[in-house]
Amino acid sequence: MSARAAAAILGALTVALATPLVLASQASAATAPTTIHAPAAALPVGSSHAGAALRPVVAPTRTSYYVDCAATTDGNGTLARPWNSLTDANAHTYHAGEALRLMRGTTCTGTLSPKGSGSAAAPFTISDYGTSSARAVVDGDGAPNAVYLYNEQFIQLTNLEITDQAAPGTNRRGVEVVAQDIGAARNYLLSHLYVHDIRGDTTKGTDGSAGIDFEVHGTTTPTWFDGVVIQDNTVDDVDRSGITEWSTWGNDAAVNDPTDMPEPRHPTRGLVIQGNTLHRIGGDGIVVIDADNSLVQYNTLAGFHLEPTGYDAGIWPWDADDTVFQYNDVSGGASTNDGMAFDVDQGTSGTVYQYNYSHDNDGGFMLFCNADGSTTDAVVRYNISQDDSYRGFENCSGAVSGMQVYNNTLYIGPGVTQTVVNENNTTPRDVSFSNNIVVKSGSGSASFNLRSGGYTFHNNDFVNLGGLPSDPGGTTADPAFCDPGDAGGIRSATGYRLCAGSPVAGIGAAVRGNGGRDYFGAAVAPTAAPNIGASAAAPSAGAPNLLPDGGLEAGDLNGWSTRGATAAQDPAAHSGAYDLSLNAPSGSAATAEYTVTGLQPNTAYQYTGWVRTTGAPTWLGVKNHGGAQVSASTTATGWTRLSASFTTGAGDTSATVFCYLPSTGRSTCDDLSLTAGP
């Protein structure tokens, strides 16, 4: 995204936003090797993005019109005598600076489809009023759309609850915004909406059902959206897609499919999708189609591709150039028909995926997809993938070129199997794969399926992987993550920082135009050899482990109080050669306890460890610290991390930690740690 493109976004949005979106200069990603700089407004993971959030304008209005669908009599739209149906609201024509407001705590049935536009200086606002703690609801009641805006511009739609549950399985959308044969359709802000239970059909395509959908129709006048912000909305339980945007004016040689988008290309400009939360989406999560220089950031998508048909991914572009996807958290892809978090798809150039967190997706992390068009010059950097299954990087049937994959961290935990790079054909590809960490831990396997010869590898760290490719400058050493496998969300992935003594610190290859920062916001020098993986900062010693020999590598339990417990050699130990084995015979229990002294009173501590069972509940916990016993348990047969936090009493300087199997069975504990801090 160039400085000119960023300025164009700002110009398009300024009239609709109280706080402008500030983007720093980003050089074009259209050529390889690419030089791309991270937006200055993009905050590191762990920071709040509230300062960069876009807020609805509270614009002075000449007139507000009111709807109270619980009113027993129909009024004239004033506050004292509100309309009592959407029919009245839809029959009126609104003007710049006016507002349409729906009463909180009431439900209006049917389609909200007001007529009229705002202006650059005074948008038309559709929102709520009243003091009820419940939202104003628009229930489509089986209609094709709950909210429908056709050829209106300079619109702010905010603070409503929108649903459409009746007659499930028919084509529908929660919010549909359509521009047809009008040229540039300008300035839309959709914010703080709760869109849920859109019980649509499962048809894959631009006319499929969706939660929020922007569409350009028509064939006579070139038309495009110019300035769209979709922000801070919640989209739940939607068939089929979460948030989408597309145009009939999308005929592009790079797509090579004129039957799908028949008219010459006039892409959407100034599209920003940020701060949205999406749950339980039947198909695709967020899709950007026929749009250039878009920004998709700070979104959370949890659960997608939940319908049994079609091919769907989490967040991705199609026929869209120079799209930046950053700080997104994607999980719960529920199929291997795609089902991965991200996708660089057909007809795209200059796509950037950076600072994203992908986890627990059945289909994997990333797809490079082209059939018979072109997909070029993408950058995938400083992302973290945890426990994504099936494949790390998948490839479609067509060629891709200029792909750069560097400084990502992929952790494949116990019980997870993945093909790190999967090629089902020999189609020529051009993918540079460098400075990445890929670690396989515990049961399951991870390997490569390489067929095209188009992937080139260098300076990667591949740990416990099969079928390793040639990787000059690479290593297979354990990277010494501080606490892998426990990233609960995008802002809690600090366990993938490198700890003291990491063998991958400073042995990567310098990448020109590396974005300037790592996943955690640390600076990345443009020419010095970086760390391998998503953490660029110098390795941290971290909080010291106050529990002696928490990894049991001494091979004994000196200092422990035990019953049915031994330190045993184990080829499947979580790490090292030894772990703590608990064996409880019939009618008995097994336990190992250790009292740690020298603690500080009135101080927070955390006890963590990895536990594996044969199905019997096993507990990890702390007692005798001056407060109530705290513990956590699991019945999982694969290695599972447990954690118990506690605070010592006012006069207490010790605590007893334990691993406990209360009933018949066998369990194993390993890598036990007691550290200061919550």
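Strands (E, at least two residues) and helices (H or I, at least four) are DSSP runs, numbered from the N terminus. The model is predicted: local features need pLDDT of at least 70, side-chain atom pairs count only at pLDDT 80 or more, and totals for chains, interfaces and linings use all residues. Residues are numbered from 1 along each chain as its sequence is written, and side-chain values use heavy atoms, with hydrogens and water left out.

Start with the overall fold. The protein has 55 strands and two helices. Of its 678 residues, 58% are buried, meaning under 20% relative accessible area with a 1.4 Å probe, protein chains only. A contact means heavy atoms within 4.5 Å. Among contacts with a separation of 6 or more, 76% join residues 24 or more positions apart. The exposed surface comes to about 23100 Å², and carbon and sulfur atoms supply 51% of it. That area comes from the Shrake-Rupley method with a 1.4 Å probe.

Now go inside. A nonpolar core is a set of buried Ala, Val, Leu, Ile, Met, Phe, Trp, Tyr and Cys residues joined through side-chain atoms within 4.5 Å. The largest one holds 93 residues. Leu-100, Phe-368 and Phe-393 touch the most other members. Beyond its neighbours within four places in sequence, Phe-368 is in contact with residues including Val-344, Val-380, Phe-393, Met-403 and Tyr-455. Glu-394 and Asn-395 are also among the contacts of Phe-368.

Turn to the pockets. On a 1 Å grid over the protein atoms alone, a pocket is an open set of points where a 1.4 Å probe fits, with protein on both sides within 12 Å along at least five of seven lines; lining residues have an atom within 4 Å of a point. Volume is the space filled by probe spheres set on the points, which are joined across faces, edges and corners.

The largest pocket has a volume of about 1200 Å³. Its lining counts 45 residues, with Phe-481, Cys-482, Asp-483, Pro-484 and Trp-610 nearest the centre. Strands E41 (437-440), E50 (604-613) and E55 (665-676) each give two or more residues to that lining. E55 has the largest share, five residues.

The second largest pocket has a volume of about 590 Å³. It is lined by 31 residues, and Lys-204, Asp-284, Trp-316, Trp-318 and Asp-345 lie nearest its centre. Strands E15 (210-217), E18 (241-247), E21 (286-289) and E25 (315-318) each supply at least two lining residues. The largest share, three residues, comes from E18.

Note on methods: Buried means under 20% relative accessible area, exposed over 50%, partly exposed in between (1.4 Å probe, protein chains only).
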